[in-house]
Amino acid sequence: DYSTRFEDVTSHLVDFLELEPASNSAAPEFIAKKEYAHYYSEEQADAIAALVKELSTKQTWKYLAHYFGEVDSDSATENH
């Protein structure tokens with residue numbers, strides 16, 4: 001979870017990708033709960049959510065649904 005263990009998670013990700021960490025630059029500041037909703041219209045956001053849900057397995061959607069405002073546990077486990 002980036003919001004509570006940023007350095008640890010970043011280190012594990014770099015290791016997983018078999019990359020060397022950049023030694024001459026610091027990571028940009030992580031801003032927890034930063035949202036980008038203003039980049040998309042409501043219609044675009046709904047279309048993005050529908051696409052992601054359509055392409056997701058039940059398990060994947062379960063993990064992604066909250067990013068799209070889905071809180072209903074039934075809808076989070078359905079495969080569309």
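Q: Why is F68 called partly exposed rather than buried or exposed?
A: This is a predicted model. F68 has a relative accessible area of 30%. Buried means under 20% and exposed means over 50%, so F68 is partly exposed.

Q: What makes W61 and F68 an aromatic pair, and why is the pair called stacked?
A: A search of the whole structure finds 1 aromatic pair. The ring centres of W61 and F68 are 5.6 Å apart, and the cut-off for a pair is within 6.5 Å. The planes of W61 and F68 stand at 20°, and planes under 30 degrees apart count as stacked. The pair is therefore stacked.

Q: Where do R5 and D8 lie relative to each other?
A: Both are in helix 1, and because they are 3 residues apart, about one helical turn separates them.

Q: What makes R5 and D8 buried, partly exposed or exposed?
A: R5 has a relative accessible area of 42%, and D8 is at 33%.

Q: Why is S56 called buried, and where is S56 placed?
A: S56 is at 7% relative accessibility. The limit for buried is under 20%, so S56 counts as buried. The place of S56 is in the loop between helix 2 and helix 3 (58–64).

Q: What does the side chain of S56 reach?
A: The S56 side chain reaches the backbone oxygen of V52 at 2.5 Å. A polar contact is a pair of N or O atoms within 3.5 Å, so the distance from S56 to V52 meets that limit.

Q: Why is Y39 called exposed, and which loop holds Y39?
A: The relative accessible area of Y39 is 53%. Exposed means over 50%, so Y39 is exposed. Y39 sits in the loop between helix 1 (2–16) and helix 2 (42–55).

Q: Which residues form a nonpolar patch on the surface?
A: The patch is formed by Y36, Y39, Y40, I48, Y67 and F68. Together these residues have about 670 Å² of accessible area.

Q: What is the phi value of E18, and why does E18 count as buried or exposed?
A: Phi of E18 is near 55°, a positive value in a residue other than glycine. E18 is found in the loop between helix 1 and helix 2. At 73% relative accessibility, E18 is over the 50% limit, so it counts as exposed.

Q: How many helices and strands are in the chain?
A: There are 4 helices and 0 strands. From the N terminus, the elements run α-α-α-α.

Key
Residues are numbered from 1 along each chain as its sequence is written. This is a predicted model: local features need pLDDT of at least 70, side-chain atom pairs count only at pLDDT 80 or more; totals for chains, interfaces and linings use all residues. Side-chain values use heavy atoms; hydrogens and water are left out. Patches are made of residues with over 30% relative accessible area and no salt bridge: like charges are joined within 9 Å, nonpolar side chains (Val, Leu, Ile, Met, Phe, Trp, Tyr) within 5 Å. Accessible areas come from the Shrake-Rupley method with a 1.4 Å probe; for residues, only the protein chains shown count as cover. A salt bridge is a side-chain nitrogen of Lys or Arg within 4 Å of a carboxyl oxygen of Asp or Glu. Helices (H or I, at least four residues) and strands (E, at least two) are DSSP runs, numbered from the N terminus. Buried means under 20% relative accessible area, exposed over 50%, partly exposed in between (1.4 Å probe, protein chains only). Rings of Phe, Tyr and Trp (its six-membered ring) pair if their centres lie within 6.5 Å; planes under 30 degrees apart count as stacked, over 60 as edge-to-face and the rest as tilted. A polar contact is a pair of N or O atoms within 3.5 Å; within protein, one must be able to donate a hydrogen and the other to accept it, and residues adjacent in sequence count only if both atoms are side-chain atoms.
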